[in-house]
Amino acid sequence: MAERLREATALCQTRGVRLTGQRALVLEVLIEAGRALGAYDLIDLVAARAAKRIAPITIYRALEFLVENDLVHRIESRNAFLACPGGHGVHPQAVFMICETCGAVSE
């Protein structure tokens, strides 16, 4: 996970954008989860990690940044988010396989 966070930080530096602590925390939680999570699931997990309640708008803004900067995929059919499993950066159009039983996602 540390390597993926370093890659994300380097990508952001190259693009001239900032991976703030909150954004990095959201990305870290998604990487650790290893599956697609909804925003409200993220709120609970991030709050547990930060030991304080996080406003939904904070999570949504972090997710917007992460999606715009090719660090996270939004899976519209599930209204969920997934840390890029194939590394960070611009991807050709991604196709996902989603298990209907357990919810696991593969790119």
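The views below show a predicted model.

**View 1. Asn69 in the loop between helix H4 (56-68) and strand S1 (72-75).** With a relative accessibility of 10%, Asn69 counts as buried, because the cut-off for that class is under 20%. The side chain of Asn69 lies 3.0 Å from the backbone oxygen of Phe65, and, once neighbours within four places in sequence are set aside, Asn69 is in contact with Leu11, Arg15 and Val17.

**View 2. The crossing of helix H2 (residues 21-33) and helix H3 (residues 39-50).** The two helix axes come within 10 Å and cross at roughly 110°, which means that H2 is roughly perpendicular to H3. On the H2 side the contact is made by Leu25, Val26, Glu28, Val29, Leu30 and Glu32, while H3 contributes Leu42, Leu45, Val46, Arg49 and Ala50. Of the residues in this contact, 8 are nonpolar and 3 are charged, with no polar ones.

**View 3. The largest nonpolar core, with 27 residues.** Val26, Leu27, Leu30 and Leu71 have the most contacts inside this core, to which helix H1 (2-15), H2, H3, H4 and strand S2 (80-83) each supply at least two residues. The largest share, 6 residues, comes from H2. In soluble globular proteins, nonpolar side chains tend to be buried together.

**View 4. A second, separate core of 5 residues.** Among the members of this second core are Ala36, Ala80, Leu82 and Val105.

Methods. Residues are numbered from 1 along each chain as its sequence is written. This is a predicted model: local features need pLDDT of at least 70, side-chain atom pairs count only at pLDDT 80 or more; totals for chains, interfaces and linings use all residues. Side-chain values use heavy atoms; hydrogens and water are left out. Axes are lines fitted to C-alpha atoms, for helices over the stretch in contact, and angles run from 0 to 180 degrees between N-to-C directions. Helices (H or I, at least four residues) and strands (E, at least two) are DSSP runs, numbered from the N terminus. Angles under 35 degrees count as roughly parallel, over 145 as roughly antiparallel, 65 to 115 as roughly perpendicular and the rest as oblique. Contact means heavy atoms within 4.5 Å. Ala, Val, Leu, Ile, Met, Phe, Trp, Tyr, Cys and Pro count as nonpolar, Asp, Glu, Lys and Arg as charged, and the others, Gly among them, as polar. Buried means under 20% relative accessible area, exposed over 50%, partly exposed in between (1.4 Å probe, protein chains only). A polar contact is a pair of N or O atoms within 3.5 Å; within protein, one must be able to donate a hydrogen and the other to accept it, and residues adjacent in sequence count only if both atoms are side-chain atoms. A nonpolar core is a set of buried Ala, Val, Leu, Ile, Met, Phe, Trp, Tyr and Cys residues joined through side-chain atoms within 4.5 Å.
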